[in-house]
Amino acid sequence: DGVEDTPSIREAVENACIEEHIDPSFVSKDYRLEDFRVLVMDMDSTLIQQEVIDSLATKVGKGEEVSAITESAMRGEIDFTTSLTKRVALLNGANESIIKEVADEIVLTPGAKTLIHTLHKLGHKVGVVSGGFLNVVEPLLNELNIEFYKANTLEVKDGLLTGKLVGPIIDREAKADALREFSKKEGVDLNQTIAIGDGANDLAMMSVAGLSVAFRAKPVVQAKAHVTLNYTGLDGVLNLFR
């Protein structure tokens with residue numbers, strides 16, 4: 001309060017914070033957490049620390065090949081549907097046991113439980129919309145009491161992955177549609193929603209939310225989000241509000 005908000009002041013604050021590994025966030029002082037009733041976040045490298053497709057690929061010796069495609073898609077260099085189809089195809093013939101192996105190795109992002117617990121305690125709703133796979137993440141989402149979620153489904157036949165998906169692909173636009181669907185279901189205006197993501201596939205969802213948070217995100221996402229968090233845990237979202 002009492003300090004004029006100018007581009008030069010913002011730049012000075014940002015540079016000072018970055019030097020100390022602190023997230024500089026410029027939000028309205030009128031923002032209140034109770035005004036945002038729904039939060040929807042990405043799964044891989046957001047709610048959890050892993051990229052599930054990369055973990056699955058590593059189990060079958062295709063890790064480097066799949067990671068390269070993942071990084072290209074995250075930067076927005078190739079569309080998500082094409083990249084996902086290519087990556088999943090590399091899992092053809094893998095034993096379905098790798099699904100549980102990867103599920104057992106999932107690590108939540110620091111601050112994830114605190115953020116979700118706090119929102120639930122306040123009566124808010126939490127959703128997860130992922131380009132990853134329900135086969136792997138659904139047990140964790142149920143454990144966290146996530147009210148709404150959508151993700152892709154790996155096709156399994158005779159105990160083996162076929163390298164294909166079942167049903168519509170959860171791509172960039174599907175994520176935005178999911179946020180709209182969830183908010184409508186809860187009777188919440190889109191201005192009362194928060195979307196958190198890290199890759200180009202999250203941009204449409206983030207663009208329709210009342211508040212968008214780029215969490216340890218690619219540059220293309222940070223450039224378009226309302227707020228960027230690079231150092232804090234997911235619970236740092238709570239610090240954006242008075």
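These legends walk through several close-up views of one predicted model.

Residues are numbered from 1 along each chain as its sequence is written. Because the model is predicted, local features need pLDDT of at least 70 and side-chain atom pairs count only at pLDDT 80 or more, while totals for chains, interfaces and linings use all residues; side-chain values use heavy atoms, with hydrogens and water left out.

View 1. Helices (H or I, at least four residues) and strands (E, at least two) are DSSP runs, numbered from the N terminus. Of the 242 residues, 49% are buried, where buried means under 20% relative accessible area with a 1.4 Å probe, counting protein chains only. The accessible surface, from the Shrake-Rupley method with a 1.4 Å probe, comes to about 11800 Å², and carbon and sulfur atoms hold 48% of that surface.

**View 2. The largest nonpolar core, with its 50 residues.** A nonpolar core is a set of buried Ala, Val, Leu, Ile, Met, Phe, Trp, Tyr and Cys residues joined through side-chain atoms within 4.5 Å. Look for M41, L47 and I196, the residues with the most contacts inside this core; a contact means heavy atoms within 4.5 Å. Leaving aside residues up to four places away in sequence, L47 touches M41, D42, L108, T109, A112, I116, V128, L141, L144 and L234. Another core, of 21 residues, lies apart from the largest one and includes A178, A195, M205 and A217.

**View 3. Strand β5 (residues 193–197) and its partner β1 (residues 38–41).** All 5 of the 5 residues of β5 are buried, so this strand is largely enclosed by the rest of the structure. T193, A195 and G197 point one way from β5, and I194 and I196 point the other way. Strands β1 and β5 run parallel, joined by 4 bridges; two strands pair if DSSP finds at least two bridges between them. M41 has I196 as its bridge partner in β5.

**View 4. Strand β6 (residues 211–215), a strand with 5 of 5 residues buried.** One side of β6 carries L211, V213 and F215, the other carries S212 and A214, and both faces are covered. β5 and β6 pair in the parallel sense over 4 bridges. Here A195 has S212 as its bridge partner, and G197 stands opposite A214. On the other pairing, β6 and β7 (residues 227–229) are parallel over 3 bridges, with V213 opposite V227.
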